[in-house]
Amino acid sequence: MAVTTMDSESARTPQPQAALTKGHHSLFSAGALSAKLGPQGKHYVCGSIAAFTNIVVTFPIQKVLFRQQLHGVLATEAVRQLQRDGLRNLYRGLLPPLLQKSTTVAIMFGLYEDFSRVLLDRVGSSGVPELITRSFAAALAGTTEAILTPFERVQTLLQDHRHHGRFNNTAHTFRTLLSEYGVKECYRGLIPILLRNGPSNVLFFGLRGPIKEQLPEATSRFGHLVIDFVCGGVLGAGLGIMFYPLNVVKSRAQSQVGGAFQPCRQVLLTVWRERGGSLAKLFRGAHLNYHRSLLSWGIINATYELLLKLISEDEWRG
């Protein structure tokens, strides 16, 4: 396998340092943003905006999926639950994923580029394959994302109708958890998140380039947008299915408030027994997760790549 398998926007796009400034002023169209972001900061900004766009579009689908993961019900029943909750509760719990996802995707893309650059500089002459170095960078970025577990925790509680009467909003939920249970309670479900984030990041960045190479070559900006959407969507959907049981475990663990922290294996066995030892019931909601991930990661990848191209074009035009 070639060492260039790990995809990197910074590796594909020329970014000479001297081209970033000219005559002591920024080359970005607005005159300041590019200089403020720096050569790597744009990855954080583009990732954050891409995630923000995705969350606003797909949040109702995520709520249906969450109800299926938590209760093991069919999609039609999950939709009926949301209908009974009313339109005013449809976007209840939006703020935590909006903050969490915007930040984690920024970290995912930004730290991947930063870790890759630093590690490649350090081990460039040691003979370590670039694929291994970039895989390690992706795993580090994914592990760092887990710092924001409390946002997933609060999102779970706000989406669970059993807690509607106890938690009013994001700020109230955080205050209640911290005052009554302490910081540790905010990190319930951390282990399945760690088991999910690192490996999924490695696979996402490792396969993004090869998948894109197998797709037809784009000849227009719209064509590039479609290719990036398909590439991100296919990867996101596949990884969503692969790590679906971990998300079930996370949702079940995080729906609990107070009490002992149960190991992942114990939570999984509990869900398995409750659903009659049925693999189909364990994966209930996986088909909706597949389509949501296809849409979500298609939006994220296409928006991220489009924004990077726009910023790079402005830099070069200057």
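Q: Hi! Which side chain does the side chain of threonine 156 make a polar contact with?
A: In this predicted model, that partner is the side chain of glutamine 254, at 3.0 Å.

Q: And where does threonine 156 lie, and is it buried or exposed?
A: Threonine 156 is part of helix 6, residues 149-159. With a relative accessible area of 2%, threonine 156 counts as buried, because the cut-off is under 20%.

Q: Which residues is threonine 156 in contact with, leaving aside neighbours within four places in sequence?
A: Those are Phe66, Lys250, Ser251, Gln254 and Ser255.

Q: Switching to aromatics: how many aromatic pairs are there?
A: The structure has 9. In one of them, phenylalanine 109 and phenylalanine 205 have ring centres 5.7 Å apart and planes at 90°, so that pair is edge-to-face. Phenylalanine 109 is in helix 4 and phenylalanine 205 in helix 9, 96 residues apart.

Q: Nice. What about the rings of tyrosine 112 and phenylalanine 205?
A: Their planes are at 10° and their centres 3.9 Å apart, so this pair is stacked. Tyrosine 112 and phenylalanine 205 are both buried.

Q: Which residues do ring pairs link into a cluster?
A: The cluster holds Phe109, Tyr112, Phe204, Phe205, Trp297 and Tyr304.

Q: Now the largest nonpolar core: which of its residues touch the most other members?
A: Out of 33 residues, they are Phe109, Tyr112, Leu177, Phe204, Phe205, Ile300 and Tyr304. Helix 4 provides the largest share of this core, 7 residues.

Q: Last one: what lies over the face of phenylalanine 261?
A: Arginine 188 does, at 4.1 Å from the ring centre. The charged end of lysine 184 also sits over the ring of phenylalanine 261, 5.0 Å from its centre.

Notes:
Residues numbered from 1 in each chain as written. Predicted model: local features only at pLDDT ≥ 70, side-chain atom pairs only at ≥ 80, totals over all residues. Heavy atoms only, no water. Helix = DSSP H or I, 4+ residues; strand = E, 2+ residues; numbered from the N terminus. Buried < 20%, exposed > 50% of the residue type's maximum accessible area, 1.4 Å probe, protein only. Polar contact = N/O pair within 3.5 Å; in protein donor to acceptor, adjacent residues only side chain to side chain. Contact = heavy atoms within 4.5 Å. Core = buried A, V, L, I, M, F, W, Y, C linked by side-chain atoms within 4.5 Å. Phe/Tyr/Trp six-rings, centres within 6.5 Å; stacked < 30°, edge-to-face > 60°. Lys NZ or Arg CZ within 6 Å of the ring centre and 35° of its normal.
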